[in-house]
Amino acid sequence: MSELLASAVVDVNGSNRASELEGTLFDGNGTVLATVDEPGLSRWQRVYRAGYTFANRKQGVRPLGHRLEVRGAAGEPLFSIADARRIGPSRRRIRVLGPDGSPVGAAEQAWRNPIRGRFRLVDAHRGALGELRPLGRLALRYSVVDSGGVEVAQISRIPVTTPQGGGAPSRCHVTFGDVSDPLRVVVLGCAIALQLMV
């Protein structure tokens, strides 16, 4: 995980189709640092999720939870992200797990809106690491502050357009300051969740 942890800039690209999630993490020069995928879904689960999500897309319903694996450029497991099953616009809790499945930390939503709400960042023992705060009403940019209130990172959701002018999935751009584990891994988990799980 050293390259991913050492990079001051991380871009998260990916698609959040209703049936499956996948993405790639790049550094500022476009070098692939890691890939993200959702293993273990059966064909039935993919069909069920796609249909149910489409039918309830305005109500914040997620019939199945997500578990994403983040793997390094060489394919080694780095960490995973779990988002529980949701019924209605309930608060979210995004858990970040180590490669062995042990808890690293979590982002706990402070308000009900999945995009505009603040997230409290905690470690494996629920001790405070910091907070993810939206900047502006549309929440296209987030500030990450540590437990002392000092900004240590920023996450920006950047819309991407095709040469033909059509819309495409946005990407998340993360800029890190002086931040170490476990807060850094939880921030990466938040960026991946904002890109793929919203």
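Reader: How many residues does the largest nonpolar core have?
Author: This is a predicted model, in which local features need pLDDT of at least 70 and side-chain atom pairs count only at pLDDT 80 or more, while totals for chains, interfaces and linings use all residues. Residues are numbered from 1 along each chain as its sequence is written, and side-chain values use heavy atoms, with hydrogens and water left out. A nonpolar core is a set of buried Ala, Val, Leu, Ile, Met, Phe, Trp, Tyr and Cys residues joined through side-chain atoms within 4.5 Å. Leu-4, Val-10, Phe-79, Leu-121, Ile-155, Val-187 and Ile-192 have the most contacts inside the largest one, and its residue count is 41.

Reader: Which element gives the largest share of this core?
Author: Helices (H or I, at least four residues) and strands (E, at least two) are DSSP runs, numbered from the N terminus. The largest share of the core is 11 residues, and they come from residues 183-196, which form helix α3.

Reader: Is Val-36 buried or exposed?
Author: Buried means under 20% relative accessible area, exposed over 50%, and partly exposed in between (1.4 Å probe, protein chains only). The relative accessible area of Val-36 is 3%, so Val-36 is buried.

Reader: What is the C-alpha to C-alpha distance between Val-36 and Glu-22?
Author: Val-36 touches Glu-22, and among its other contacts are Gly-23, Glu-69 and Leu-196. Val-36 and Glu-22 are 14 residues apart in sequence, and their C-alpha atoms are separated in space by 5.3 Å.

Reader: Why does Asp-11 count as buried?
Author: Asp-11 sits in strand β1 (residues 9-16). Asp-11 counts as buried because its relative accessible area is 13%.

Reader: Which residue's side chain makes a polar contact of 2.6 Å with the side chain of Asp-11?
Author: A polar contact is a pair of N or O atoms within 3.5 Å; within protein, one must be able to donate a hydrogen and the other to accept it, and residues adjacent in sequence count only if both atoms are side-chain atoms. The side chain of Asp-11 makes such a contact with that of Arg-171 at 3.0 Å. The polar contact at 2.6 Å is with the side chain of His-173.

Conventions: Contact means heavy atoms within 4.5 Å. Lists of a residue's contacts leave out its neighbours within four places in sequence.
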